[in-house]
Amino acid sequence: MSLLIALGLGLGLASPEAMPGPHHVDLSAKSFRTWKVELPTDAFRPVGDGIALPVDLGGLYKVEVLADGLMLDTDGDGVVDQKIVGTLDKVTGERTARATLQKMGAEGSGPAYPIRLQNLGKGWTWACGGAQVGTQGDTKLAVFDANGNGRFNDVGEDAITVGSGDIAMLLGKTVYVGGHLHNLTVAADGSSLELVPFDGPTGTLNLESKMDSKGKLLSALVVSEDGQQCFDLAGASAGLALPTGTYHLHRGRLGLGNATVQIDGTDMKPMVVEAGSSQQVAWGSPVRAEFDYQREGSQITFQPDQVWLTGAAGERYLGWSPIGKSPEFSIVERNLGTEIEKALFPGSC
Amino acid sequence: MKLSAAWSRVPHVWQSVAAACALAVLFAAPARAQGGTIPVRVVDGHLVVSCDLSTAANRIPVNLFIEYEGAHGLQLHNRAAAGLRAESSDGKSAPITIHFPDFAITVPKRELGDEDLFEDFTKYHSQEIGENALVGSIGAEVLAQWQVGLHLAEGQIVLTPLAPNGQAPIGSVVTFDDGSIQVPISLINNRVWLPVRRPDGTPGAMMVGTGQYDSWVDRGWAESLGKPAGDVGPVKIGPIDLHTFVALRPERMVEVHPDGVVGKVGLNLLEHLDIDIDRANRVAKIQIAAPAKFPTGDLEFFRARALEDAGAVEAFLNDHKDSRLAAEASKLLLNLRIDEGGSSEEIGRAVQWVCDSTPKDLRTTRMYDLMREMSDAGQTVVVLEAGKLGVAAGRDDRYPNAVHQVHGLLGRTYLEDYEKNGEHATEAWRHLLSAAFGLPEDGSINLDLGRFYEKQGRYNRAYSRYVQAVIQPDSGPQALEALQRVQPLLDDSTAFSVDTIERMIAGKVRNFGAATQFEPSEKEPVDRVVMVEFFTNGHQGDEKGGAIGGALAQEGLMQHFGPEYVVFVAHHLANPQPDPLCTSLARDRAKQLGITDPGVFVIDGVAGAPGAGKWRDAEAIYQKVRDAVVARMREFTEFEFELDCRLEQVDGAWHVIGTGDVYGYEENGLRIQLLVTEAGVLAPGKSTVVVHRAVARGPLTGSNEGLPFEFDDGEHMHLAWDVSLDDLSQANQAFLDELQTTGLGSTVRISKAIDPHQVRVVAYVYQSNTGEILGSAQVTPQGLEQAQ
């Protein structure tokens with residue numbers, strides 16, 4: 001049951017009668033008024049003098065920065081035509097907005113390209129605000145121009161979601177759809193994708209069954225060494241058969257209720273998947289903590305951003321949310337071991 | 001120093017090493033009472049309690065959520081925590097007591113919660129919750145210390161002390177004569193789970209929660225059954241079929257339970273079922289408190305939602321106008337219409353639904369929020385449609401400014417049409433004037449009115465509006481450009497200048513003047529000219545405090561000390577974000593002095609004083625800097641400057657040309673620098689400082705570090721310079737480009753050109769190892785008549 005649920009969540013509902021393939025899936029542009037997708041890489045980049053989108057969308061969409069927003073050339077004719085003010089967070093001073101770019105030429109309007117805009121205090125940045133979406137059987141597919149170059153087929157740089165989940169994988173050369181592994185080809189303009197059953201050698205990698213945690217693994221993106229493959233192994237309690245190769249954990253997320261924490265796999269050992277092999281990775285608890293402190297006279301200062309938590313496989317846990325929980329620092333007398341003072345971070349940290 | 005800690009941090013309950021966890025310490029022993037009854041209300045799907053919070057410092061009345069499943073103790077908004085002084089300056093937490101009508105609970109500290117949620121809830125439900133804000137949430141870490149009776153049908157929660165009976169937990173469901181049942185509960189991650197049977201009879205578990213109104217079914221499980229709308233069939237606790245009481249809402253459950261997660265009990269079930277949870281003895285008693293009446297409308301919405309089809313959602317709204325889910329359905333409809341690129345009519349209908357499903361006294365506020373979003377998205381038709389709805393509901397809105405803001409945005413939308421197509425002039429004027437009537441100091445509205453009058457050729461009126469707009473941070477830069485544009489067109493036109501604008505805004509912006517002018521005396525002798533460098537930023541702080549405090553103090557100091565006594569130089573740094581006057585010169589000089597952030601006065605490179613603060617602190621800042629300057633003046637300098645400088649136009653460009661002889665002594669590390677400063681520059685920013693004074697604009701030596709101080713003939717150093725102001729300006733723009741491309745931030749580009757008749761030349765000799773200034777001087781170039 002759990003594997004079935006996992007497939008439903010992350011890999012698309014199995015609909016065996018529709019598989020294997022090949023399959024041609026038409027995709028169409030969709031914007032997201034409320035952005036919930038977690039892209040695998042930070043997609044925002046400075047707007048500079050304009051937003052450059054090659055391919056068919058045209059050249060530079062000119063931008064002029066204003067004190068309370070920006071002026072944007074939304075149709076690529078070199079003249080700014082839309083004032084963007086955005087929603088201001090009065091506490092942080094951050095502004096967020098969305099807009100749609102459109103090529104207007106002699107042949108009429110071209111494809112729409114929704115964007116998100118934000119100003120976190122260091123100037124305006126932008127990222128894709130929509131996706132090319134379609135369905136294969138009952139499985140939803142959405143391809144994102146995560147690297148913001150106007151193309152949707154950049155393996156290892158663009159992103160894809162399969163099914164109803166909001167956590168995107170890096171676009172790989174293969175993908176699980178309907179419980180089956182397929183070779184994946186996306187058209188550069190994002191108008192369609194092709195799925196062809198994968199018949200290469202595979203081995204099984206399992207990051208779920210030996211994750212020692214009281215929470216739920218929400219995502220565990222593994223990326224092959226050559227950057228050509230990416231899979232989300234969260235929820236796959238029996239593991240997933242992956243194309244052979246060496247993989248590393250790109251990032252993950254662990255959750256319980258509303259609380260989440262991000263997992264960084266930079267310091268984890270690479271995971272080698274050989275043909276016919278099966279391996280389970282033990283990670284999670286016990287978690288080791290390291291911290292820095294500053295001592296000035298009789299005062300000792302601890303900083304929340306100077307506490308590092310490392311799991312059993314070397315994974316790092318970052319960005320605890322919600323905040324307000326604290327480790328307890330105990331200061332003891334060196335020789336006797338008696339406790340001199342306890343310290344906790346205040347509730348706002 | 002990095003140490004390995006002896007503990008594992010387990011801030012959330014999912015890590016297994018819990019023994020050393022701080023939470024055990026934090027929440028093991030909140031102050032106990034004998035318990036009692038907590039009156040509660042369901043407001044917009046949240047369980048809310050009105051109570052008081054107190055610390056040793058203060059007591060405040062508040063509203064709090066009760067979230068039985070929340071992985072927290074007491075969450076509290078920062079503003080409420082500040083009022084209670086919940087944390088001391090050294091970071092130590094103060095215990096907080098929650099006062100209910102007949103008992104109280106004390107928790108050792110607060111946690112920070114979702115402040116946006118708390119603020120929005122207060123904003124939109126202020127009538128239901130009364131005068132007191134909703135500022136936080138009581139979670140499982142507090143409630144786990146009690147037996148909890150959830151009696152929502154009676155509007156109360158009953159807390160009684162835990163009382164273990166020493167018996168083994170019951171293993172199965174027990175049914176009593178009165179129809180109530182007793183079930184074993186499981187505690188996973190500090191949450192309470194009830195045993196349920198799925199439709200096929202297999203076991204599962206449902207969490208008990210009070211954080212949401214709807215009861216949930218795990219979306220993944222429902223989808224796996226081919227029931228994405230959540231209508232999975234009977235889900236039973238003993239003989240009680242939950243599915244006859246409520247339509248289970250399919251949502252992703254981020255929870256774990258060994259029997260499998262079926263869903264979560266929400267407030268809608270608790271309105272029908274009284275549940276008494278006895279954690280100590282691992283048992284819950286459930287009694288039906290209100291008869292089942294299946295809400296078919298809810299299920300229909302979940303079906304429409306699962307389809308992700310706008311037509312289905314709109315059909316639901318047509319059939320269930322008064323449904324409690326109508327507001328959510330309206331928002332979803334609008335999302336779907338926008339996401340699919342619906343027609344203006346379709347989006348307009350969705351906007352109408354959003355308006356209709358919003359409480360009458362919040363419709364204008366809601367429409368204004370929507371208008372702003374749609375304006376950014378270029379959906380002009382929707383902006384106008386929402387604006388009309390907003391204006392119509394304006395009188396009833398609880399926020400009186402909302403209707404003026406709606407008028408303002410409507411006016412701007414019509415204005416853009418007027419500017420582009422020459423249409424809707426009357427509508428633009430009428431709405432903008434209405435907006436200005438309600439919000440006379442709003443910068444954007446004044447700016448738009450100025451644009452309207454300018455378009456009509458009524459330049460005097462336009463100028464007047466632009467002057468109103470130039471002093472506001474949001475509209476200042478655009479208003480400045482507009483003023484430059486309109487000034488030559490005025491009937492009694494004078495040249496545009498800082499001085500003109502300064503006269504116009506006098507009285508509208510804060511100012512600070514020195515009561516006296518400095519005169520040397522025996523008590524305050526002068527043995528050198530002192531240089532005061534002011535490191536600042538136009539966006540530091542706001543109108544209440546930040547750069548404004550330092551800028552006002554600088555104004556007073558410049559009035560007090562003549563240029564023969566003190567040379568002033570202001571350097572604009574790129575923190576917290578670049579402003580138009582940032583230069584690489586400022587960055588490098590700050591680096592020499594070890595300064596990283598703005599808000600500092602530096603006296604001759606050796607003494608410092610605060611350069612930022614509240615506007616009312618300006619006098620205190622002024623006094624500190626004055627004292628430091630006077631102290632420094634007593635220190636004799638051997639350096640003397642003879643500077644001859646003029647402004648001259650060369651091929652249409654203004655050049656600063658001059659020669660100088662500097663006397664003193666040679667020493668390793670000594671350098672000389674010559675700067676162009678501008679006496680006044682207009683650059684309105686968030687700090688609300690409009691006119692920046694003595695702004696360093698660039699070096700005349702070709703280097704931010706200046707030149708080695710070396711004698712030519714054994715007794716002095718001779719200098720000569722000829723630098724184009726345009727070159728300096730271009731170098732500054734290149735630096736702003738660099739900041740932008742390196743990700744340090746971008747800024748609006750105003751006051752790029754250096755105004756020749758504001759130019760001053762500053763010279764100083766400094767020790768490059770320490771940054772200390774050993775001698776300085778300032779001259780005003782000749783040739784200003786030509787510049788004017």
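This dialogue goes through some features of a predicted model.

Reader: What percentage of the residues in chain A is buried?

Author: A residue is buried if 20 or more other C-beta atoms lie within 10 Å of its own, exposed if 12 or fewer, and partly exposed in between, with C-beta atoms placed from the backbone. Of the 349 residues in chain A, 46% are buried.

Reader: What do the contacts in chain A say about separation in sequence?

Author: Two residues are in contact if their C-beta atoms, placed from the backbone, lie within 7 Å. Taking contacts in chain A between residues at least 6 apart in sequence, 58% join residues at least 24 apart.

Reader: Which domains make up the division of chain B?

Author: Domain bounds come from an automatic or database domain assignment. In chain B they give domain 1 (22–156), domain 2 (163–294), domain 3 (305–505) and domain 4 (530–787). The centres of domain 1 of chain B and domain 2 of chain B, taken over C-alpha atoms, are 26 Å apart. Their contact takes 17 residues from domain 1 of chain B and 20 residues from domain 2 of chain B. On the domain 1 side, strand β10 (residues 146–151) of chain B supplies the largest share, five residues.

Reader: Which residue classes occur on the side of domain 1 of chain B that touches domain 2 of chain B?

Author: Ala, Val, Leu, Ile, Met, Phe, Trp, Tyr, Cys and Pro count as nonpolar, Asp, Glu, Lys and Arg as charged, and the others, Gly among them, as polar. That side of domain 1 of chain B has 10 nonpolar, five polar and two charged residues.

Reader: How is the crossing of helix α16 and helix α17 of chain B to be read?

Author: Axes are lines fitted to C-alpha atoms, for helices over the stretch in contact, and angles run from 0 to 180 degrees between N-to-C directions. Angles under 35 degrees count as roughly parallel, over 145 as roughly antiparallel, 65 to 115 as roughly perpendicular and the rest as oblique. The axes of α16 (residues 443–455) and α17 (residues 459–470) of chain B come within 8 Å and cross at roughly 160 degrees. α16(B) and α17(B) are therefore roughly antiparallel to each other.

Reader: What is the hand of the crossing of α16(B) and α17(B)?

Author: A crossing is left-handed if the near helix is turned anticlockwise from the far one by less than a right angle, and right-handed if clockwise. α16(B) passes α17(B) in a left-handed crossing. The contact includes G443(B), L447(B) and Y453(B) from α16(B), and Y459(B), R465(B) and A469(B) from α17(B). Its residues divide into seven nonpolar, four polar and three charged.

Reader: Are α12(B) and α14(B) roughly parallel or roughly antiparallel?

Author: Helix α12 (residues 363–376) and helix α14 (residues 402–421) of chain B have axes that come within 9 Å and cross at roughly 30 degrees. α12(B) and α14(B) are therefore roughly parallel to each other, and their crossing is left-handed. Among the residues that meet are M367(B) and M371(B) in α12(B), with V406(B) and L409(B) in α14(B). This contact has seven nonpolar, five polar and one charged residue.

Reader: Where in the backbone are there cis peptide bonds?

Author: One is the bond from S285(A) to P286(A), with omega near 0 degrees. P286(A) sits in the loop between β28 (283–284) and β29 (288–296) of chain A. Another joins N575(B) and P576(B), with omega about 0 degrees. The loop between β26 (566–572) and α21 (584–593) of chain B holds P576(B).

Reader: Which residue has a phi near 50 degrees, and where does it lie?

Author: D651(B) has this positive value in a residue other than glycine, in the loop between β30 (640–650) and β31 (653–663) of chain B. D651(B) counts as exposed because it has 6 C-beta neighbours inside 10 Å.

Definitions and conventions: Residues are numbered from 1 along each chain as its sequence is written. Chains are lettered from A and ligands numbered from 1 in the order in which they are written. This is a predicted model: local features need pLDDT of at least 70, side-chain atom pairs count only at pLDDT 80 or more; totals for chains, interfaces and linings use all residues. Helices (H or I, at least four residues) and strands (E, at least two) are DSSP runs, numbered from the N terminus.
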